[in-house]
Amino acid sequence: MKKITPRFWLQRPLNWSLIFGLTGLLISCSSDNIPIGPTSVNSRYTEAQPTLSGNGRLLAFVSNRNGAHQILLYDLQQQSFVRTPRLNRPETIAESPSLSYNGRYITYITSDQGRPVVALYDRAIQQSQILTPTYRGWIRNPNISPNGRYVVFESASRGQWDTEVLDRGPNIELDIPNGATITPPPQ
């Protein structure tokens, strides 16, 4: 004689542990824990190549929010994005940002006629200028000095990666902390 015992799906411990495990995983991955929005640093899009200003107040990074590969500037103290008109041009890629001490100057790699070039954006006048229009080789990893006078980058113009230092000259407006003493440039 065969005894028939009704089996309910609730009686299977393996299924319940699987259901609770998946539910916990979904809750932990929900967007409630991550600050996402137009005013937060992190988003659902790729953000890469972060760099801080010398005073630690500004953060620049590359993001593909809004369907564009662009450099964004974020004020960590105010917790809001800083407007940078004419920094990101349509249909060009900007990457490898570097900030001066107060974040007045931003150097980055962009393309000019299909070649990578080092560009400098001045937040005071809201304009970019190309610093390396004559380099024929590949260029990467620009970095600006804290005062904004020197820009260092890697170039492959000789068939190998070399370090190049570009002096913007003694007559530029330096990006220095408020109240700092200014020494005259060497003659």
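Student: Is E47 buried, exposed or partly exposed?

Tutor: Buried means under 20% relative accessible area and exposed over 50%, with partly exposed in between (1.4 Å probe, protein chains only). E47 has a relative accessible area of 23%, so E47 is partly exposed. The model is a predicted one, in which local features need pLDDT of at least 70 and side-chain atom pairs count only at pLDDT 80 or more, whereas totals for chains, interfaces and linings use all residues. Residues are numbered from 1 along each chain as its sequence is written, and side-chain values use heavy atoms, with hydrogens and water left out.

Student: With which residue does the side chain of E47 form a salt bridge?

Tutor: Side chains of opposite charge can pair when their charged atoms come close. The criterion for a salt bridge is a side-chain nitrogen of Lys or Arg within 4 Å of a carboxyl oxygen of Asp or Glu. E47 meets R65 in such a bridge, at 2.7 Å from N to O. The two belong to distant parts of the chain, 18 residues apart: E47 is in strand 1 (residues 47–52), and R65 is in the loop between strand 2 and strand 3 (70–75). Strands here are DSSP runs (E, at least two residues), numbered from the N terminus. R65 counts as buried because its relative accessibility is 8%.

Student: How many salt bridges does a search of the whole structure find?

Tutor: The search finds seven. One of them joins R149 and D167, whose closest N and O atoms are 2.7 Å apart. This pair, too, links distant parts of the chain: R149 lies in the loop between strand 9 and strand 10, and D167 in strand 11 (residues 162–167), 18 residues apart. R149 is buried at 14% relative accessibility, whereas D167 is partly exposed with a relative accessible area of 42%. Elsewhere, salt bridges link R104, D122 and E173 in a network.

Student: Which contacts does R140 make, with E154 and with W161?

Tutor: R140 and E154 meet through their side chains in a salt bridge of 2.9 Å, N to O. R140 is in strand 9 (residues 139–144) and E154 in strand 10 (residues 150–155), 14 residues apart. Both count as partly exposed, R140 at 34% relative accessibility and E154 at 21%. For the ring contact, a charge sits over a ring if NZ of Lys or CZ of Arg is within 6 Å of the ring centre and within 35 degrees of the ring normal. R140 lies over the face of W161, 3.7 Å from the ring centre. R168 is placed over the face of Y105, at 4.6 Å from the ring centre.

Student: How many aromatic pairs does the structure hold?

Tutor: Rings of Phe, Tyr and Trp (its six-membered ring) pair if their centres lie within 6.5 Å; planes under 30 degrees apart count as stacked, over 60 as edge-to-face and the rest as tilted. The structure holds three such pairs. In one of them, F61 and F81 have ring centres 6.3 Å apart and planes at 55°, so the pair is tilted. F61 in strand 2 (residues 58–63) and F81 in strand 4 (residues 80–82) are 20 residues apart. F81 also forms an edge-to-face pair with Y74, at 5.0 Å centre to centre and 75° between the planes.

Student: Which residues form one aromatic cluster?

Tutor: F61, Y74 and F81 form it. F61 is buried at 3% relative accessible area, Y74 is buried at 6%, and F81 is partly exposed at 25% relative accessibility.

Notes: Helix = DSSP H or I, 4+ residues; strand = E, 2+ residues; numbered from the N terminus.
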